[in-house]
Every structure is written in structure tokens, then in C-alpha cells.
Amino acid sequence: MEFCKFMGVIILDKLVIKGGTRLKGEVSISGAKNAVLALLPATLLNEGVCTINNIPNISDVKILCSILQELGAVITWPTPNEITIDTRHLISHEAPLEMTSKFRASYYLLGSLLGRCHAATIGLPGGCNLGPRPIDQHIKGFEALGAKVEVTQGKIVAKAKKLIGNPVYLDIVSVGATINIMLASVLAEGTTVIDNAAKEPHVVDVANFLNTMGADIRGAGTDIIKINGVKKLQSNVTYSVVPDQIEAGTFMLAAVATRGDLVIKNCIPEHLDCLTAKIIEMGGNVEIEDDSIHVWMKDRPNKAIIKTQPYPGFPTDLQPQIGVCLAISNGTSIINESIFESRFQYTAELNKMGAKIIDQGKSAIFEGVKELYGSSVEATDLRAGAALIIAGIVANGETKLSNLNHIDRGYENIEEKFRKIGANIVRITEED
Ligand code: EPZ
């Protein structure tokens, strides 16, 4: 429980990290959060039973499953990382508004319910505070297929007499819009072509899952995706979620920051080619195996220039984590954040730990310091939280990290995984 008010006292979960340790050993990567949060809504397009394994045990998945059950899905959990979802009989196309606002990926319910029921109502999506996060490109795609979409009183209402395949050019490379338009077009009449599509591994994972159920999607992973509409999806399928390249990258950068030696297992190394190149540029050592990456670092990282880009460029979701490495690097580094308006909120927390970072909005300047020192800091978003854990492990002294709800949304058993590779980290509950 993140916090509760009892007799006027606020009780908070916090992570207490005693720093100065070098991480060593092996860590196993979970299924990708940003894939599973699309795969689960995608099951609504299928009149059958899906068994999905390698599911990360995270809070966003739990909320999403509760929403699917409200819509009529019958869900069982054979293990904490495996789920069966029976979506033969849906009872509603209106997701509970108070639940969809808890996370960003609820917008995928629009595409899948529109595709299956030709109607969908959800509350405006929530998610990490990274600046304005419009969904105009999602709506552009739905309207191209013939839907009417209204955003009113904090909810989004989409309706269509029928859905007709059409070409859609995305004005901005958008992961969410690419996947959402794919979901809405699977059962449309005719062919939809998404141009300027996102190419992230989880876009490919969703297309592969839909094709396993009988959809006809080609070109996922390139910037042009073609979806030939099919009449129905009526399959019983089993599918495994792609490994989380962002979790894998988080641990690679933890090895660099702590001058450690880690083997990151159950990942797909080519999903991290850009990060591997950057780590080598910064003086790190990387060895690639089929499904694992070995990263070790002997000295302070070299300075670097980072520009976040859509895949296969440097991922914005690893920007805070590499920021920790630049904060303690040799020299002055720059990060240009091209995807989100304000993804440097974590730098103020790092500066409390002795870093010297100037946040300029869409870019930040890192003047490398020799060491960080422990402090009380707050996770400002999911990836910032992971970065501050790494900073706490690097720092001299004790760090207390609060706002763990952000971290628990996207990382499975994160403190346990860090503890197994040498971090001195415990979760406590204390009065704030
Ligand atoms: C997804 O967010 C991920 N979230 C984000 O991960 C990730 O950072 C992002 O993709 C980029 O890779 C999930 O998958 C749940 P976008 P999404 O649409 O879909 C603008 C994490 O830490 N845009 O690719 O919201 C948008 O404002 C999270 O795991 C529009 O202008 O990202 C942004 O500037 C954080 N109009 C840019 O495009 C739209 O209709 C990219 O956004 C849609 C997006």
C-alpha cells in the first residue's frame, strides 16, 4: 500500500537504500510492460480464450484486468505470471471511468472495443506526468476508419456504424496511436495502411499476437503497417509477452553507474543496440549472447551527448537512467529529450544528492561530479523512480525514496531484483 491516512497520519511506503555498492551477478528480465498493456485489451477483439505467459506482475496489469472483468472477460491466473482471458461474451463497451484514469494505456480499450463492438467509452487516460500527452493521432485514425469520436466531461466516446479500412498518415511517430489504430482496424472492412508508424518492439509484439489470433497484419516494425480486415477472430491461443527492453536497459545502466558486472538474462539484445553503442562510447564493456547481455564497467563513465528518438533511436524511457551515469561522468554531458515536454523532473531530485544538472526543459546539462550522497528523494515518474534507485545504490550514505506507486506500476519486484545483485535496499512503511 503506497500510503493511507489514519487518524490524520500519512503512512508511506519507502525504499531505504544504503549506497556505495557495486552490482554483481545475474538478473532475469520480465515481460514488457508496454507490450502487455496493449496485449490484454487486444484480447477483446477475440471471441475465444487467450493464455498469455511471461506477464509482469505489476499494478497497471492488475487494474487493467479488473477493467476487462467489468466488461465481461472471465480471467484466471494459473500462476502470478500467466493469465487466461475468456472474451467470448462481453457485457459492456464502457470501461469504468475512475479506473481508466489511473494509467495511460487504458486508451487501448478504445481501439479494441471500437473494433469488436463499434462503440467504446473510457475516462481520459492518466499516466506519468511527462507534459501534455494528447491523443489526437489516435482519434485521427479512428475517424479515418469511419468512427465518430467525442471528448467530453472527462471521457472519450467513440461510435461507428461500421469500420472501413483506410490509409492513415501519423503526423507524429506515436507508439500508442500506431497500436490503437491497428486494434481498431483488425475487424474493419478492407485494408488500412498506417504510414509513419512507430517501430518499437512492443508494436511488433502486438501485431504478432493479433496475427496469432487470426488477424492479417504485415509490416509491423517498419514505418508502414498494412492491416487487411478479417470478419472475426475466434481462436483459443497461447502467447508469450516479449521481454522488457526498458527493464533490461535499466539494469545495463545500473551496471555502468555502479561500476559493476551484470549479466542481464531473458532479453533480446538487438532491441538494445542503441544503448549498447552508447555504453561502449562511455567506456563500458558489453558482450552479447543469444538471449542475454553482459555489461561491466571499471572506471567513471565518459561524458556523452544523448538525443532521445523513436525506436531504434535512444529510448526516452531510458533517459533518466542514463542521466544518473552522466551525473557522475567525466566532464560535461547533454541530453536532448525530443519525445516529451518535461521528462527532466528527476534532475532536481538528483541535485539533492549532489549532482550538478541544469534542467532547460527540452534539454539538460550534466556537469559530472565525483560522487553522490544519500538524501530523501521522490520518484516523479516511473523511469525517474528507477533512476533514483540506481542513484541511491551509487551514492555514499543512505537514500530514502518515496512515491513508490510510480515504480510499482512498471517494475516487477524491483527491490528484490536489485537485492539479489548486491544492493542494500529494503522497503519500509513509515509516517510521513
Ligand atoms: C508509450 O507512450 C509508452 N507508454 C511510454 O512509456 C513511452 O515513453 C512512449 O510510448 C514513447 O516510446 C505505454 O506504452 C503505455 P507516444 P505513448 O504516443 O503511447 C505525442 C514508460 O515509462 N503524441 O509514442 O503515450 C506525445 O505527446 C512510458 O513506460 C501526440 O502528440 O507515447 C509524445 O510527445 C512513459 N498525439 C510523442 O507523441 C498523439 O495522439 C510520443 O508519444 C499521441 C502522441
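The model is predicted: local features need pLDDT of at least 70 and side-chain atom pairs pLDDT 80 or more, whereas totals for chains, interfaces and linings use all residues. Residues are numbered from 1 along each chain as its sequence is written, and side-chain values use heavy atoms, without hydrogens and water.

The protein chain contains 14 helices and 24 strands (DSSP runs, H or I of at least four residues and E of at least two, numbered from the N terminus). The C-alpha atoms fill a box of roughly 65 × 50 × 40 Å along the principal axes. Of the 432 residues, 56% are buried (under 20% relative accessible area, with exposed over 50% and partly exposed in between; 1.4 Å probe, protein chains only).

The largest nonpolar core holds 76 residues (buried Ala, Val, Leu, Ile, Met, Phe, Trp, Tyr and Cys joined through side-chain atoms within 4.5 Å). Leu40, Leu109, Met182 and Leu210 have the most contacts inside it. Helix H1 (residues 33–42) supplies the largest share of this core, seven residues. Apart from this core lies another, of 71 residues, with Cys128, Leu318, Ile322 and Ile421 among them. Beyond its neighbours within four places in sequence, Met182 is in contact (heavy atoms within 4.5 Å) with residues including Ile194, Val203, Leu210 and Ile227.
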